[in-house]
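Keep the model open beside the text and click along as you read.

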Amino acid sequence: MNGNNMNTNTKELFPLGNGCMYAVMQGLSVREIRADHFSKSFCSIEKIPESDKSDFTKSQRIHGSTHWHTRLLRVLNRDETNQQLAYVAEADDYLIANENTLIRVFNNKTTIRFKLELPEYATLTEGPVMTHDIHKAQSYFIKVRHDNYEDILQITLFGECRLDLETRTFILIPERSAMILSTGTIPGLILKSSAKALDMVIKNEISVLPLPLNEENITEVRNSVNSILSHTCTFKGIVPSSNDKYIRMLPIYTAVKLFNLINANQCAVMIASNAIKTFLGVRDCVGIGKYNEPQYATDVFALVPSLLILTAIEAPNEKLLKSMASFLTARHKIQTGTLLNGMLPFEGREYFFDNFCSNTDGSAVSTLFYIKSAELLCQFRNDKNSVRALSKVRESFRESFIKDSKIYLNSPKRTENVTLPRYIYGKCDFCNSSNFTWLTKNSVGAYCCDNCSEENKNSTSPKTGVTKESYLPVLWSEYLQIKGIFTEKEIHYSQEMALASLDSIPLCDAALLLNSMTDQPHPESQRVYEFLLSKRNSLDIWYDDNGDFDCLTNALCSYAVVRYLSK
């Protein structure tokens with residue numbers, strides 16, 4: 001095989017998840033394996049390079065499924081201008097539906113080795129020999145101890161695969177072999193899952209987990225969409241990123257909106273219903289963890305009630321919407337009660353909010369989300385008080401956030417002639433700490449943390465009156481399809497502002513820009529489209545600079561790309 005025409009992706013990461021367990025892969029290596037998205041990684045299983053060989057891998061997902069196939073290629077000669085490559089091994093990775101089980105099947109023509117690396121909190125012990133008819137398979141347990149339970153990973157080795165415990169090295173000699181990774185907290189159930197998977201391997205009848213959507217018309221984003229699905233969490237919705245321990249509503253809403261666009265209604269309803277039910281049980285927070293522990297921010301009513309309403313209405317399920325109607329209406333009324341001078345504040349954890357202004361300033365984006373959610377809720381439930389409140393917010397929006405033809409992300413006018421609470425939860429006005437804590441209002445209305453309160457008890461906040469011009473209000477209003485707030489001139493101006501900084505703005509913003517240009521045609525739209533595609537890895541997935549997968553980024557980028565190509 002000629003190496004000049006071979007596209008390899010040796011260093012690229014790709015996620016595997018089925019709502020029950022989660023893994024991060026890199027070629028033939030397993031970078032992380034977790035009992036679920038919230039858990040610590042049990043270990044890594046890294047391929048050991050051959051010192052005298054030049055190897056590459058090429059991974060690809062099998063169309064229409066969650067099955068990934070990886071080939072190991074070896075350079076046979078040293079002629080860099082015309083490298084000759086040969087396949088020397090291949091691996092197939094299968095997640096079993098509704099099981100905490102990952103099956104790795106290897107077919108190799110040469111011996112390959114993997115290094116088992118354990119974090120300091122994990123322990124390795126020898127497990128039982130699994131038997132099936134005349135076949136035997138040695139297994140091992142890796143355990144992670146918590147206060148009142150253990151997360152357990154059982155690794156079962158079948159065929160020509162063994163583990164040298166002294167060096168913690170897996171050795172696979174040429175032949176068909178398999179590694180079965182089963183996780184859980186109850187040993188009996190884990191053994192049962194491993195036995196079921198071993199039976200599939202021996203019979204060569206591994207059931208491939210199908211995707212609940214049609215990939216025919218989403219070629220450019222299908223791996224991104226599949227990766228979002230791999231971050232679904234049983235009964236909770238979607239975990240925002242590969243390293244986030246809380247579910248949040250903005251990534252969930254954007255994912256539901258994407259799945260609706262590509263006619264994956266089953267996915268949209270499943271994610272929406274699970275997420276809304278979770279927030280129904282744990283009220284008044286911005287994030288929810290594995291055991292329903294809440295996460296707070298500066299204002300829990302700034303965005304979440306709007307996002308719950310939008311997600312419920314976006315999900316194409318009238319039964320779900322009706323069943324949640326009372327809860328959503330109640331959340332909306334509480335949110336309406338937090339309006340000050342027709343504005344809502346920043347939540348505090350938005351990706352675009354870097355504590356540049358006062359905690360209590362009005363947020364254009366939060367207020368726009370309120371307007372859209374209130375409009376849809378009033379169509380569903382025509383409440384006079386809600387209609388009246390919505391009308392006032394719409395009427396005052398331009399006066400609050402637009403001045404001298406410039407659109408601002410924040411507005412200090414929200415707190416004019418208003419008595420603010422003595423304590424709020426947020427980030428200190430004076431120190432540069434990124435931590436959320438309880439703040440105390442000083443004598444002139446600024447909010448201080450405990451470390452700054454004495455020194456700044458009479459000091460004016462350096463952020464008082466600070467405003468920030470931004471393209472985001474327009475781009476988010478276009479995404480939300482809000483009509484009548486901004487003029488065509490203002491939309492074009494915001495597009496140009498974002499376009500001028502295209503190389504440095506967050507990918508989420510670039511995706512919102514392409515979406516806006518799809519609705520408001522722009523001669524540079526093709527450039528933005530190509531820019532977005534250029535930011536994917538070679539597996540067509542968007543990752544951040546730290547190598548983390550982010551659902552919000554992938555949902556917004558995929559949505560914008562699909563809409564652009566459909567026009």
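## Thr311 and its surroundings

The backbone oxygen of L307 lies 2.7 Å from a polar atom of the side chain of T311, where a polar contact is a pair of N or O atoms within 3.5 Å; within protein, one must be able to donate a hydrogen and the other to accept it, and residues adjacent in sequence count only if both atoms are side-chain atoms. T311 belongs to helix α5, residues 304-314; helices (H or I, at least four residues) and strands (E, at least two) are DSSP runs, numbered from the N terminus. An α-helix has 3.6 residues a turn, so residues three or four places apart point the same way.

This is a predicted model, in which local features need pLDDT of at least 70, side-chain atom pairs count only at pLDDT 80 or more, and totals for chains, interfaces and linings use all residues. Residues are numbered from 1 along each chain as its sequence is written, and side-chain values use heavy atoms, with hydrogens and water left out.

Is T311 buried or exposed? With a relative accessibility of 0%, T311 counts as buried; buried means under 20% relative accessible area, exposed over 50%, and partly exposed in between (1.4 Å probe, protein chains only). Leaving out residues up to four places away in sequence, T311 touches M249, I252, Y253, V256, A272 and I276, contact meaning heavy atoms within 4.5 Å.

## Helix α5 and its partners

Two packed helices are described by the angle between their axes and the distance between the axes. Here axes are lines fitted to C-alpha atoms, for helices over the stretch in contact, and angles run from 0 to 180 degrees between N-to-C directions. For helix α4 (residues 265-281) and α5, the axes come within 10 Å and cross at roughly 145°. The crossing of α4 past α5 is left-handed, a term used if the near helix is turned anticlockwise from the far one by less than a right angle, with right-handed used if clockwise. On the α4 side, A272, I276 and F279 meet V304, L308, T311 and A312 of α5. This contact of α4 with α5 divides into 6 nonpolar, 1 polar and no charged residues; Ala, Val, Leu, Ile, Met, Phe, Trp, Tyr, Cys and Pro count as nonpolar, Asp, Glu, Lys and Arg as charged, and the others, Gly among them, as polar.

Helix α7 (residues 364-380) also packs with α5, at an angle of about 45° and with the axes 9 Å apart. That makes α5 oblique to α7; angles under 35 degrees count as roughly parallel, over 145 as roughly antiparallel, 65 to 115 as roughly perpendicular and the rest as oblique. The crossing of α5 and α7 is left-handed. From α5, the contact uses S306, L307, I309, L310 and I313, and from α7 it uses F369, Y370, K372, S373, L376 and L377. By class, the contact of α5 with α7 has 8 nonpolar, 2 polar and 1 charged residues.

## Helix α9, an enclosed helix

Of the 9 residues of α9, 9 are buried, so α9 is largely enclosed by the rest of the structure. Among the buried residues are W476 and Y479. After α9 comes Q481, with a positive phi near 60°.

The axes of helix α9 (residues 472-480) and helix α10 (residues 488-500) come within 8 Å and cross at roughly 115°. This makes α9 roughly perpendicular to α10. In the contact, V474, L475 and E478 of α9 meet E490, I491, S494 and A498 of α10. That contact has 4 nonpolar, 1 polar and 2 charged residues.

## Arg176 on strand β13

R176 sits in strand β13, residues 169-184, and is partly exposed with a relative accessible area of 22%. What does the side chain of R176 make a polar contact with? The partner is the side chain of N204, at 3.2 Å.

## Two asparagines with positive phi

Most residues other than glycine have a negative phi, and most peptide bonds are trans. N98 has a positive phi near 60° and lies in the loop between β7 (85-95) and β8 (101-108). At 71% relative accessibility, N98 counts as exposed.

N417 has a positive phi near 60°, in the loop between β21 (410-411) and β22 (423-426). N417 counts as exposed, at 84% relative accessibility.
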